[in-house]
Amino acid sequence: MRVTSKAKKRLRARGAIGGLGGLGALGALGVIGITAGMTACSSSVDTPAPQVANGTTATLALLETTDIHTNLLSYDYYKLAEDKSLGLERTATLIAAARKEFPNTLLLDDGDTIQGTALADYQAQVAPIDCKTTLGVYKVMNLLKYDAGTIGNHEFNYGLPFLAQVTGSAFDVPNMSPVASQPACAGPNFPLVLSNVLGAKSQQPIFKPYTILERTLSATTPDGKTVTAPVKIGVIGFTPPAIMAWDKRWLDGNVYTQGLVESASKYVPEMKAKGAQIIVAMSHGGLDNSAYSPSMENGSYYLSKVPGVDAMLIGHSHQVFPDKNSTVTQFNLPGVDKVKGTVNGVPTVMANFWGKHLGVIKLALNYTNGTWTVDRNASTAEARSIQNADNSYVAVDPAISQAIAAEHAATINYVKTPIGTTDFRMTTYFADVGDVSAIEIVNQAQAAYVQDYINANLPQYAGIPVLSVSAPFKSGFGGGNDFTDVAQGNVAINNAADLYLYPNTIYAVKVTGADLKAWLETAAKRFNKIDPANTAAQALVSTYPGYNFDMVTSKDFSYEIDVTQAVGSRIRNLKYQGAAISDTQSFIVATNNYRASGGGNFPGLDGSKTIYASPDASRDVLIAYIKKVQAIKAASNGSDRSWRFTKVATAGPVTFKAAPNLGALAQANGITNVSQLQADDGTGKGLAVYAVNLNQ
Ligand code: MN
Ligand code: MG
């Protein structure tokens with residue numbers, strides 16, 4: 001029964017071990033980390049299960065991290081500065097506390113794990129790690145003794161071969177070598193499961209769809225004695241089917257997805273048949289109660305209705321659940337209890353992002369007639385913040401920074417590489433009200449790159465105007481530190497990464513004037529509808545993400561956004577070189593793979609309009625452009641505002657949030673119609689409230 005670790009890894013990757021109760025034996029081999037709170041049981045093949053009395057109860061605490069995005073330390077690689085509001089080194093302290101508090105715990109990760117910081121990009125793209133090296137984030141997670149994890153959409157950003165390597169997997173997909181010849185690489189010491197991404201030819205999940213964790217519970221008998229009792233917990237994973245559009249360049253032809261309901265309906269009964277007594281669904285996706293579709297991005301609402309699902313760990317939306325004060329649409333749907341933390345009765349948690357929270361579901365278990373069942377009414381959920389009530393933060397676990405010190409230092413060294421200078425401060429604090437200081441350079445780089453490519457390779461498109469769109473990727477969602485901010489002076493790689501956050505590639509699409517108008521109308525969802533007669537304060541910015549607020553910044557192009565109008569009727573006076581744009585006029589627009597392939601659901605942008613899908617990273621194109629320009633200047637690279645709000649007098653203030661005390665910066669960048677109302681908005685996130693005068 002003993003197998004070498006290497007052979008075991010290959011077997012596991014091929015699904016040969018699958019979720020077959022053989023995990024008890026693997027646990028005994030010490031391959032799977034023994035949790036601090038629960039002992040991994042030894043091989044139960046020859047040992048009869050101990051007698052557990054009917055009516056015995058136990059509490060199983062499911063601890064969730066999600067959307068860590070390789071934020072291991074409380075550190076911002078773009079600003080080269082500490083940021084205590086994030087980092088797994090602080091979540092680790094909450095994990096340790098929960099393990100002390102509860103005798104029975106499982107630590108589970110809900111995906112979007114390997115991408116999201118400069119450290120992640122460094123290990124994947126700048127100095128790609130070799131097969132024998134454990135990826136930094138998994139090294140830290142091994143240290144924290146995770147029990148299992150699933151795969152988010154961003155795990156696919158660096159391609160399938162890299163994902164196979166760093167997860168210690170072999171993928172049976174057309175564009176990779178046969179599974180038997182793929183090397184057994186270093187991966188995490190805990191199982192990664194994903195049920196709804198399948199090989200195009202094999203028609204089998206590329207990861208193990210689920211695993212069954214055999215553990216020993218500390219339990220209480222009806223007469224109050226503390227006993228130990230075995231339990232089998234089935235853990236299954238899901239990722240958003242929309243990965244097929246978002247990472248089309250890697251996935252097309254290699255894999256396909258299944259709907260969450262379809263995959264769960266197949267595997268939950270299979271897990272039950274193999275002895276799983278409790279089913280935990282790790283779903284990298286939020287809640288959406290619009291009509292069910294197997295391709296829907298946030299299918300967890302319907303997943304909760306699949307019989308047998310006992311608990312859900314959800315994510316992807318970067319939100320907190322439960323939260324009694326939540327105004328987020330998905331947590332105010334019928335059947336969703338945002339106080340108790342249930343979705344259609346199923347205990348559920350979403351632990352925010354970047355390690356800001358730890359999700360905790362306290363599953364109340366009853367032993368009846370030979371099996372454990374979940375008492376939903378007695379189960380509770382909570383999301384615990386790394387921020388204390390007094391706005392300070394919990395201490396770090398020093399073991400994390402020790403473990404990742406070399407990778408951290410190498411990343412800092414890399415991001416300090418100089419590439420040019422700027423004569424102005426490039427920021428997104430006021431991007432929602434017209435500042436393009438951090439956006440125009442990106443659009444210039446993208447447009448120049450696409451124009452050069454067309455000139456050299458696509459003569460059929462010569463003469464069609466080339467525009468570019470980009471967006472304020474960092475626009476305060478995560479608080480006052482979550483903005484792009486490049487100081488005047490030297491520009492280094494970290495600044496380019498701050499200006500271009502994502503590991504996207506450049507795509508060019510051919511659109512009509514009508515398409516372009518519809519594109520900008522969709523982007524203008526960024527704004528709430530403002531009633532000019534309302535004397536109360538009205539928030540200008542909606543929950544629509546900043547990274548979808550695409551804008552053109554070009555001397556040749558101009559338009560207005562009329563926020564007094566409904567979504568879809570806001571773009572006015574759209575002009576190219578001073579003349580109104582007709583619906584049938586043609587344009588080439590430089591954008592990224594995400595947008596061109598359907599990301600954000602922009603009308604008509606479904607991949608069919610792509611004329612060039614470049615393999616070049618958007619950020620590399622930006623870096624090359626800055627190296628060429630050398631001296632970035634406000635006059636030529638940061639002040640071409642193509643859009644303005646349609647002027648309107650409002651009876652009350654129109655407000656938005658940004659980091660505090662930046663009035664002088666706004667003035668310097670030509671945003672003269674804003675004023676700070678409150679230096680602290682009271683959320684503890686380092687945000688101030690500003691007013692914008694729409695009549696100026
Ligand atoms: Mn995420
Ligand atoms: Mg995600």
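Which residues is Gln330 in contact with, leaving aside its neighbours within four places in sequence? I took this up as the opening entry, working throughout from a predicted model.

**Entry 1: Gln330**

I looked up the contacts of Gln330 and found Gly286, Leu287, Ser317, Gln319, Val336 and Met350. I then placed Gln330 in the loop between E13 and strand E14 (336-337). The relative accessibility of Gln330 is 11%, and the residue therefore counts as buried, the limit being under 20%.

**Entry 2: the metal site**

Asp67 belongs to the loop between strand E2 (57-65) and strand E3 (75-76), while His318 belongs to the loop between strand E12 (311-314) and strand E13 (320-321). These two residues are 251 residues apart, and the pair links distant parts of the chain.

I checked accessibility for both. Asp67 has 0% relative accessibility and counts as buried. His318, at 18%, also counts as buried, because the limit is under 20%.

I also looked at the magnesium ion (ligand 2), which lies 3.3 Å from the manganese ion (ligand 1). Asp112 coordinates both ions.

**Entry 3: backbone geometry**

The bond joining Phe321 and Pro322 is a cis peptide bond, with omega about 0°. I located Pro322 in the loop between E13 and E14, the loop that I had noted for Gln330.

His316 is not glycine, yet its phi is positive, near 80°. I found His316 in the loop between E12 and E13, and it is buried at a relative accessible area of 14%. Asn573 likewise has a positive phi, near 55°. I placed Asn573 in strand E29 and recorded it as partly exposed, at 46% relative accessible area.

**Entry 4: the two domains**

Where does the domain assignment place the bounds of the protein chain? I noted domain 1 as 5-410 and domain 2 as 418-531 + 542-643. Their C-alpha centres lie 35 Å apart.

At the interface, 22 residues of domain 1 are in contact with 21 residues of domain 2. The buried area between the domains is about 1700 Å², and carbon and sulfur atoms give 50% of it. I counted 7 residue pairs in polar contact across this interface and 1 salt bridge. On the side of domain 1 that touches domain 2, helix H4 (118-126), helix H7 (243-246) and helix H8 (248-251) are the elements giving two or more residues.

I looked up the salt bridge between Arg619 and Asp121 as well, and its closest N and O atoms are 2.6 Å apart.

**Entry 5: Val567**

Is Val567 buried or partly exposed? I recorded it as partly exposed, with a relative accessible area of 46%. Val567 sits in the loop between strand E28 (557-561) and strand E29 (571-576). I also took the separation of the C-alpha atoms of Val567 and Ala219, which is 55 Å for residues 348 apart along the chain.

Terms used
Residues are numbered from 1 along each chain as its sequence is written. Chains are lettered from A and ligands numbered from 1 in the order in which they are written. This is a predicted model: local features need pLDDT of at least 70, side-chain atom pairs count only at pLDDT 80 or more; totals for chains, interfaces and linings use all residues. Side-chain values use heavy atoms; hydrogens and water are left out. Donors are N, O and S atoms within 2.8 Å of the metal (3.2 Å for Na, K and Ca); water is not among the atoms, so sites may look incomplete. Helices (H or I, at least four residues) and strands (E, at least two) are DSSP runs, numbered from the N terminus. Buried means under 20% relative accessible area, exposed over 50%, partly exposed in between (1.4 Å probe, protein chains only). Domain bounds come from an automatic or database domain assignment. Contact means heavy atoms within 4.5 Å. Buried area is the accessible area (1.4 Å probe) that two parts lose on being put together, summed over both. A salt bridge is a side-chain nitrogen of Lys or Arg within 4 Å of a carboxyl oxygen of Asp or Glu. A polar contact is a pair of N or O atoms within 3.5 Å; within protein, one must be able to donate a hydrogen and the other to accept it, and residues adjacent in sequence count only if both atoms are side-chain atoms.
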